[in-house]
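Have the model open as you read.

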Amino acid sequence: MGNLTATRPPQPWTAPTASDPVMATLRLPGSKSMTARALVLSALAAGPSTLAGPLRARDTELMASGLRAMGAHVSISDDERWLVRPHPLVGPAHVDVGLAGTVMRFAPPVAGLADGQVTFDGDPHARTRPLGPLVGALRSLGVRIDVAGSGSLPLTVFGVGRVTGGEVVIDASASSQLVSGLLLAAPRFDRGVVVRHVGPPVPSAPHLRMTVQMLRAAGAAVDDTTPDVWTVEPGPLTGRGWQIEPDLSGAVPFFAAALVTGGEVTLQGWPHSSAQPVEQLRSLLQRMGGEVTLSTSGLTVRGTGVVHGLTADLSDVSELTPALTALAMLADSPSVFTGIGHIRGHETDRLTALAREFTALGADVTEAPDGLEIRPRPLRGGVFRTYQDHRMAHSAAVAGLAVPGIEVDDVGCTSKTMPEFPALWSAMVTGKS
């Protein structure tokens, strides 16, 4: 007989309720977005690179494993300093993308540069995440790809050691990662790349700015002066030391705790010049009743214990939607969030999942095609399903600060980007850090 415990569902995690204002100073793991981009640029560089303060989590370990499978030397044995030594990229190789959008969209263009066959697959839900525009773009740039189904995983890239490159038109309205994946590998293409986006606005624009900024830091020539057009010239990338910033998206639930409880939370190690959308976050938290300051101590958020509702277009900062939705549930006035229809294609359909789970707790929330309308009213405890989505667990934790008895069905899904989340969160709320 097999291991009967292997299929048992995880024990629910009861989100701790705050009895006092949360007062905490935290050092959180590095940015997932920066870690993923640094790994790709380092694997394609002409010399070795190091990543200081990287994020060790499922998504980034899958990226490291995928690049390693294609021939790069990636050492992640030291939690604080990863080493990448580029080597010729070769197949046959297999890349497990898990449920990581970064891996499924950044690694196929790299595979086009490998000499040999590279296969891609991942978790069951990964097969529903949009990849068609990237597949079409790579084919038009000279990469042979076989896809099972309608432009989604599993897929096979038949690399010949080089990619012609050139100009490509893509509809990246489903994810900015579709553009970033092309840009990150483009310096190694024979003709570089000109990517033209045609369609509804590209979401998460700050992530595209991060891609351009990091490409330039690695020595690439990038022109993004024309709206919706990105030009990357062919040329060598430089190996370098990358200093990975703390993860802003991962920090938002902790900052939300300051607003809900009237406390103060400081994230240590925050740079004065950031590649992440700090100003957008500052504006949103201030409108919801928080005070945000940046000092030598770090990025600090203070709350009064009163949360205000707001109307906001979150298209640039859609990763913040789950935590902000939980805040809106506890606010003193209604909220309307728009511009986030694309997060239906994230780890789960986040709009439907948030509406469904909060409604089950007694919330008055209406799901719109591209957002949510929230009319606060008292919530009750109950089981909150995550759908294997780390941000759903974060949302439940924020609501649980004020609502006793919220049980998260699978808090282990937070290992996707922050394995230590349950312990950090409980220590912050109880003051027993």
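Before anything else, a word on terms: a cavity here is a set of grid points where a 1.4 Å probe fits but cannot get out, and its lining residues have an atom within 4 Å of a point. Keep in mind too that this is a predicted model.

The structure holds 3 cavities of 30 Å³ or more. The largest cavity comes in at about 430 Å³, and 33 residues line it, with Ser33, Gln177, Ser204, His207 and Glu319 nearest its centre. Which elements give two or more residues to that lining? They are helix H1 (32–43), helix H3 (101–112), H6 and helix H7 (248–261). Sorted by class, the lining of the largest cavity has 15 polar residues, 9 charged and 9 nonpolar. Both domains take part as well: domain 1 (13–29 + 247–430) and domain 2 (32–226) each supply at least three residues to this lining.

Now move on to the second largest cavity, with a volume of about 40 Å³. Its lining is made of Ser249, Val252, Pro253, Glu319, Pro322, Ala323, Arg391 and His394. Here H7, helix H9 (321–329) and helix H11 (390–400) are the elements that give two or more residues. H7 gives the most, with 3 residues. By class, this lining splits into 4 nonpolar, 2 polar and 2 charged residues.

Next, look at the open spaces. The largest pocket holds about 420 Å³. Lining this pocket are 18 residues, and Leu28, Pro29, Gly30, Gly53 and Glu80 sit nearest its centre. The classes come out at 7 nonpolar, 6 charged and 5 polar. Why does the largest pocket lie between domain 1 (13–29 + 247–430) and domain 2 (32–226)? Because both domains give residues to its lining.

Finally, let's turn to the helix pair. Two packed helices are described by the angle between their axes and the distance between the axes. For helix H5 (residues 177–185) and helix H6 (residues 205–217), the axes come within 10 Å and cross at roughly 5 degrees. Angles under 35 degrees count as roughly parallel, so H5 is roughly parallel to H6. On the H5 side, the contact uses Val179, Ser180, Leu183 and Leu184, which meet His207, Leu208, Thr211 and Leu215 in H6. That contact has 5 nonpolar and 3 polar residues, and no charged ones. His207 of this contact is also one of the residues nearest the centre of the largest cavity.

Key
Residues numbered from 1 in each chain as written. Predicted model: local features only at pLDDT ≥ 70, side-chain atom pairs only at ≥ 80, totals over all residues. Heavy atoms only, no water. 1 Å grid on protein atoms, 1.4 Å probe; cavity = no way out; pocket = protein on both sides within 12 Å on 5 of 7 lines; lining within 4 Å. Points joined across faces, edges and corners; volume = space filled by probe spheres on them. Nonpolar A, V, L, I, M, F, W, Y, C, P; charged D, E, K, R; others polar. Domains from an automatic or database assignment. Axes fitted to C-alpha atoms, helices over the stretch in contact; angles between N-to-C directions. Helix = DSSP H or I, 4+ residues; strand = E, 2+ residues; numbered from the N terminus. Parallel < 35°, antiparallel > 145°, perpendicular 65-115°, else oblique. Contact = heavy atoms within 4.5 Å.
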